[in-house]
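User: I'd like to learn how to read a model like this one, feature by feature. Can you walk me through it?

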Amino acid sequence: MRNKQLIGAVFIIAVIALAVAGMWRTRSQRAGGYVATVVHPQGVMGTTCTLAAVVPRGETARAKDAVRRAEAELRAVEARMSTWLADSELSRLNAAGAGERVPLSPETLEVLRAAREAALRTDGAFDATCRPLVELWKRAGQRDRLPTEGQIDDARSASHWDLIEFTDRGAVKHVSATCVDLGGIAKGYAIDRAIIALQEAGMAGGLVDIGGDLACFGRSLEGQLWSVDVKDPFREGALAKLSLPGGAVCTSGAYARFTVIEGMRYSHIIDPRSGRPAAAAASVTVTAQTAITADVWATALSVLGIDGLRLLPANVEALIILGSAEDHRLVCTPGFVGLLQAPPPEGMTVWQAAPAE
Ligand code: ADP
Ligand code: MG
């Protein structure tokens, strides 16, 4: 695969093929003695999905098998952790009453623990227990009426990690209204699992993209680097292109998913501190070694804005886009500039950490 445009072209071909017959089609691209098998499984996490596996020419059968395994990983995570599926483990936890022991798989427990840890690392900006607030604002959108202070306070009082206890094999809630939403972390986890499946299948390189959040490893068809577009939050197309030797890129922002209430646009990301939709950034793109880390920080920085950059762990880079289509500002970490294929777009400023006192 030469770059994301190439994936895009393959995607269009695949969509046409899909319309004619079946669940998904495999396409192969060749370059320099290597072949990429690219598939677009349908119905993964309610969004687009691209899986690619690069192998030496003549090993396409192995690549096809590997992308099937990667797809199975994505579907397994979705089946366990989606709040859209009533019988997922997470939905069962959310529906449980106070004191009820809910059995959970090690995978779901792993993501729940990672989410709890993320709340600590992000100063509470990433808080997967904010589901009562997410639901409150979703209902407000459906009714086109802002929630009252009392409703926000009630939802906030159920949104705390202290209200859930983990056991070896499951979890117990102290309050039945407490609910968890892994929508800001499970996609990243699923991408990492799928990447591991491709690696364990011995692929020379691979890419997993769910709705624009992605991770890649090893060689691309072009060589050692992968080319990844950074979405422009205000118009179609890419704002910039990154060159990566591997790792993950995730983007969060109100540009793609938002609710309109009483004529105003509100983000689908909640600021757990205020109980209101986050308004700190138009879009945030984060690069990290793993997609779970990039996914968490993209959501957390959507809450914290530039102020949150000081909290970023080593090897995590970010681009924050502030403002509106008419009047916006781009701020990125120094390490992010190093990933850009071309000189920084006009108006991009590089954030510098304040020197330690
Ligand atoms: P996307 O789903 O577009 O990739 P994110 O990765 O930012 O966006 O995840 C947003 C989802 O995470 C929301 O739809 C909601 O389910 C959940 N969420 C909202 N606010 C928060 C928050 N402050 N911390 C953790 N999860 C959140
Ligand atoms: Mg995300």
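Analyst: Let's go through confidence, a helix, a loop serine and some ring contacts. This is a predicted model, where local features need pLDDT of at least 70, side-chain atom pairs count only at pLDDT 80 or more, and totals for chains, interfaces and linings use all residues. Residues are numbered from 1 along each chain as its sequence is written, chains are lettered from A and ligands numbered from 1 in the order in which they are written, and side-chain values use heavy atoms, with hydrogens and water left out.

User: What is the mean pLDDT of the protein chain, and where does pLDDT stay under 50?

Analyst: pLDDT is the predictor's confidence in each residue, from 0 to 100. Here the chain's mean is 91, and 91% of its residues reach 70 or more. Residues 1–24 stay under 50, though the model has 43 contacts (heavy atoms within 4.5 Å) for them beyond four places in sequence. Where pLDDT is low, the predicted coordinates should not be read in detail.

User: How many residues has helix 7, and what is its reach?

Analyst: Helices are DSSP runs of H or I with at least four residues, strands are E runs of at least two, and both are numbered from the N terminus. The expected span is 1.5 Å times one less than the number of residues. Helix 7 (186–200) has 15 residues and reaches 21 Å between its first and last C-alpha, close to the expected 21 Å. Glycine 202 follows helix 7, with a positive phi near 80°.

User: Which residues of helix 7 are buried, and what do they pack against?

Analyst: Buried means under 20% relative accessible area, exposed over 50%, partly exposed in between (1.4 Å probe, protein chains only). In helix 7 the buried ones include Tyr189, Ile191, Asp192 and Leu198. The buried residues of helix 7 pack against several elements, among them strand 3 (49–56), helix 2 (60–81) and helix 8 (291–304).

User: Where is serine 88 found, and is serine 88 buried or exposed?

Analyst: Serine 88 is in the loop between helix 2 and helix 3 (89–95). Serine 88 is buried, at a relative accessible area of 0%. Its contacts, leaving aside neighbours within four places, are Ala79, Arg80, Met81 and Ser82.

User: Which rings have a charged end sitting over them?

Analyst: The test is NZ of Lys or CZ of Arg within 6 Å of the ring centre and within 35 degrees of the ring normal. Arginine 219 has its charged end over the ring of tyrosine 34, 3.8 Å from the centre. The charged end of arginine 265 is over phenylalanine 258, 3.7 Å from that ring's centre.
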